[in-house]
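Try each one yourself before reading the solution.

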Amino acid sequence: MNSLDLQLQQSNQRAVGTQRRKLSWGRVLAWCFVGLWVFVTLFPVYWIARMAFSTQKLLLADPTNPFPAGLTLDAFRRVLGLLPLQMVIDEGGFPKVMHFGEYLLTTFIVTSAITIGSTIFNAMAAYAFARLRFPFRNRLFYLYIIVQIMPAVLGLIPNFILIHSLGWVGTLQGIIAPSFLGSAFGVFFLRQFFLGINRELEEAAMLDGDTLIGIFWHVILPITLPALTTIFVLAFMTSWNDLQWPYFAGGSGHIEGTTTLTVAMLSFRSQTQRGLPDYTGLMAGTLISIIPMLAIFLVFGRKIVDSIQFQGYR
Amino acid sequence: MKFSKKFSIAASLLGLGLLLSASIAQAQGDAVTIRYALWDSGQQPAYQACADEFTKRNPNITISIEQSGWSQYWDGLTTALVAGTAPDVFTDHIAYYPELLSKGQLLDIQPYVDKDKVDTSIYLVDPSLWVKDGKRYGLPKDWDTIAMFYNADEFAKAGITADDIANWTWNPTDGGTFEQTIAKLTLDGNGKNGLDPDFDKSNVVQWGFEGGPGDASSGAQPDWSAFAASTGFKLTDGPWATTYHYDDPNLAATVQWWADQHLVKGFAPGSDQLGSGVDSLFLAGTAAMFPMGSWDIGSVTSSATFKVGFAPLPVGPQGRFSPINGLSDAIYAGTKHPDEAWQWVKFLASPDCANIVGDHGVVFPAIQTGVDRAVAAYQKKGLDVSAFTTIAADKDHTYLLPMTDHISEITNMLQPVLQNIFDGQVKAADALPQINDQINALFTTAS
Amino acid sequence: MQASRITAYKRPPALKLRPRTETLIAWLFILPSLVGIMVFVFIPAVRGIYLSFTNSDLLTRSDFIGLQNYQKLLNDAQFWSSLRITVEYVLFNIPIQTVLALTLAILMTRLTKSNILRGIVFLPYLLPMVMVTMVWLTLLDYDFGPVNSVLQLLGLAKIGFFNQTTIIPSLAWINTWRYAGYVALLFFAGLQSIPGELYEAATIDGANEWQSFTHVTWPLLRPVTVFVLITSVVGSFQVWDSVAVAASPSGGPGGASRVIFWYITNVAFTQFNIGYAAAIAVALFVIVLVIALIQMWYFRADSSDLG
């Protein structure tokens, strides 16, 4: 029996071991903390729902009511573009024509392209930084660290001018391009995990005659699946919720084919200098737009849990 | 290989993106599309109707309206100007106008005005605001004045009559009959109003009045601006002035009275309560009245569950005053279609468009016939807006908002001072003269 | 794992890969990422740095004016005040957020493996910052917010959460609420790479939960901790979304929430002084860089105790 098999066995035993813990005050306290945090997390979400199911008028008239004021689905119908404009105006909402399906498709295309592209390219670069030896490796990595620290605002306008000179303002590739090739954050994050991987596995594979690319594909990627899934999910969420760049690069929300959901939702914010936002529309829109993300998180969340076994290979 | 498969998915997604965006780039023939930007989505239907009428008359020019809320509007416009992709025609506001002008972003339309013999005397708000050194950078599109928005149900309950509010008076010393009205409308938890000797100002359930410290960038336009003006105060000596008069004792008295309604009297909410904005307190029935601009008529009345009335501002020592402010439609200096853009601006500033906009009852157009239509449209909704229109027609008692260089820097310096006065940390009489010196120094040292 | 690969252990060690091949493959792997970083981050940022030495408004002029912007910066009271406000924000945000996230991550591995809990903890990050801020504005409202309603029910005084003194802690809390789950997930991923046997060994040695934290978790989590701290401090210094929503155009009550990013956009987009805005951005970059270097030196990021 070799050491790997032994480790596998141990990890299986450990999984059983976690169940055998006795109840203590510490655990009670810990559960209380968890319960408190769950409440602190869920209550604002309930508050969003409360506003989303209200009518704008009654919500403003009775702001302390803990339940939806005038329980209605109108805000959702408004966001989905199913309510005639005059009715929207009568209800105190902002008269904005919504093309929800189109925004959703745009967001999905942008987010998928960015997430898939950046995860792959980040993993490749992170592997090289963590494992391969080549000239200027450390100096190049410092560049990544510095880049990561650079305030985004420093490059916003120059970047916009770049995209504009490519003729990409108001196009999907204009929104996607800057994030498609990955980020310093992603490379940094994955490198930290790759560093922690036991070298023996790679050496074993190398002795087996595997190429470097093969090792990357057969050994590194499976082992780091939790980290990869994490960075994938994070990239997805970040890109889905991104506002500033899609707003500027997508043509300030005026071009239907390049308006993402978050940008479209801006039309429910204050229209005049000190005006009130369209709370009900905004909150209904928020709720609908997080559903796809919630689904993806639940799918991959399970994957993160499943892949816990991989740590036994270390 | 699995790897390349994944990659090809990414690549094909990107390809799909390219395809989609290609279909967006519209094929253009001889027809010209003029991009027109505005910020209030409430006004979009009115201007869309104008655009439809315009295209009917000029079949080769299509108007594409781009609307975004106030803050996105200006961020987006700035970025677009930098990239050279700004809309051909856009709505201009005096808070941004001086900067846009000095950066050469606005087209001089005086030659067009001369050629087409546009009569600029028909506008209710002084069109010379948009003229500098003989060049013209826009035509007026609308105007707004300030009046008192009030909760008619609460006023009736407190026994305040139409006569009371038609002639209420105000002065910075004792607040006049206006302050008496505020006191009457302020209720504590025991149902006692502000005139009652047992009134408990630490337990107020309904405020008689509300108003924030004021937005420094507009000289506190909907807030204390008009009250200060009614004492004879003038913030500047006119457009492009290079001195401010924040050191005027009349102003200090006005601002202090304003702050004391909360700090001393307990008739008005303070900063904490005003966190969610004046509209929120009013719509929730917690505040009985507040001064606000005519641009807010639509949003307040459509959201209110009670009857909203509009009263003229109180008569001050020197009479009743209101600031009048208007927007203009400006042409982007970098437009590729200046002639067509001018056609559109000319139409926007014409009685025909003013009438269409007036019929929608969302804003007061810059031309009298349009105003009449707007008044009628509001009437149909059961709203009497004479408090705004009467003062607007009285040219001796309206004044323009401050329009000078350095507005943004002045705002940055002044806002904390106004807040501190409002929060009771400093006295207006001490703080305002001090900051005025710093403000005026901007004009002597910088550039 | 296939059997063939495991048996490979019995073979004698073979030659390492030739360095030239390794270099070639390394560059191949890095190339896409490097192109992205250079084209879309580094070069634009260098351009931004160049702009800081000009009086550019990107519209009418762009003259080289040397260090004038930086001289102006030193005497600009608004800049120093924004810097102070930003630091205050970071100090309210980072310690609480980090401790909270680490606690949650540990509880998610050691106390319960409930998938639902993980989903809930991560939930706030699914909401865009703009919406999160707006919801908290209503929750913390003085008259109408449920938080103050509860305080009143308990017989306590109501709190104004958005006045001159409280707005920065409140905004820091809103940020903490949204990012705690996100940071917890980063810690969580890091915790999973700590071998379970180490905890068992600790338990066998009679260590309690706190001791196994100080002796196992904390040292082994170092690479992740330094990563989390650096990225969250960098992000915190650039706080913008919540301020833009919660603060009036003039920067909150009396300008109390004029963070440095607010000032940069104010100078750039309202005053059209792009050159000066770039100089402030560069100053922000230098400050953040120094802080990051201190953190890295303190935690010695490169040395993972796992080797």
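**Exercise 1.** Work out how many residues of chain B and of chain C are in contact, and which helix of chain B gives the most to that side.

*Solution.* Start with the count: in this predicted model, 28 residues of chain B meet 25 residues of chain C. Next, look for the helices on the chain B side. Helix H3 (70–83) and helix H17 (407–422) of chain B each bring at least two residues. Of the chain B elements, H17(B) gives the most, with seven residues. Finally, sort the chain B side by class: you get six nonpolar, 16 polar and six charged residues.

**Exercise 2.** Describe how helices H4 and H8 of chain C pack: at what angle do their axes cross, and is the crossing left-handed or right-handed?

*Solution.* Two packed helices are described by the angle between their axes and the distance between the axes, so go for those. The axes of H4(C) (residues 77–111) and H8(C) (residues 167–192) come within 6 Å, and they cross at roughly 35°. The crossing of H4(C) and H8(C) is right-handed. As for what lines the contact of H4(C) with H8(C), count 22 nonpolar, six polar and one charged residues.

**Exercise 3.** Decide whether Gly293(B) is buried or exposed, and say why.

*Solution.* First find the residue: Gly293(B) sits in strand E11 (residues 289–293) of chain B. Then count neighbours. Gly293(B) is buried because it has 21 C-beta neighbours inside 10 Å, and the cut-off for buried is 20 or more. Beyond four places in sequence, the contacts of Gly293(B) are Asp144(B), Ile146(B), Gln221(B) and Pro222(B). For a sense of the fold, check Trp143(B) too: Gly293(B) and Trp143(B) are 150 residues apart in sequence, with their C-alpha atoms 9.9 Å apart in space.

**Exercise 4.** Which residues of chain B have pLDDT under 50 throughout?

*Solution.* The stretch you want is residues 1–29 of chain B, where pLDDT stays under 50. The model does have 32 contacts beyond four places in sequence for that stretch. Where pLDDT is low, though, the predicted coordinates should not be read in detail.

How values were computed
Residues numbered from 1 in each chain as written. Chains lettered and ligands numbered in written order. Predicted model: local features only at pLDDT ≥ 70, side-chain atom pairs only at ≥ 80, totals over all residues. pLDDT = per-residue confidence, 0-100. Contact = placed C-beta atoms within 7 Å. Helix = DSSP H or I, 4+ residues; strand = E, 2+ residues; numbered from the N terminus. Buried ≥ 20, exposed ≤ 12 C-beta atoms within 10 Å, placed from the backbone. Axes fitted to C-alpha atoms, helices over the stretch in contact; angles between N-to-C directions. Left-handed = near helix turned anticlockwise from the far one by under 90°. Nonpolar A, V, L, I, M, F, W, Y, C, P; charged D, E, K, R; others polar.
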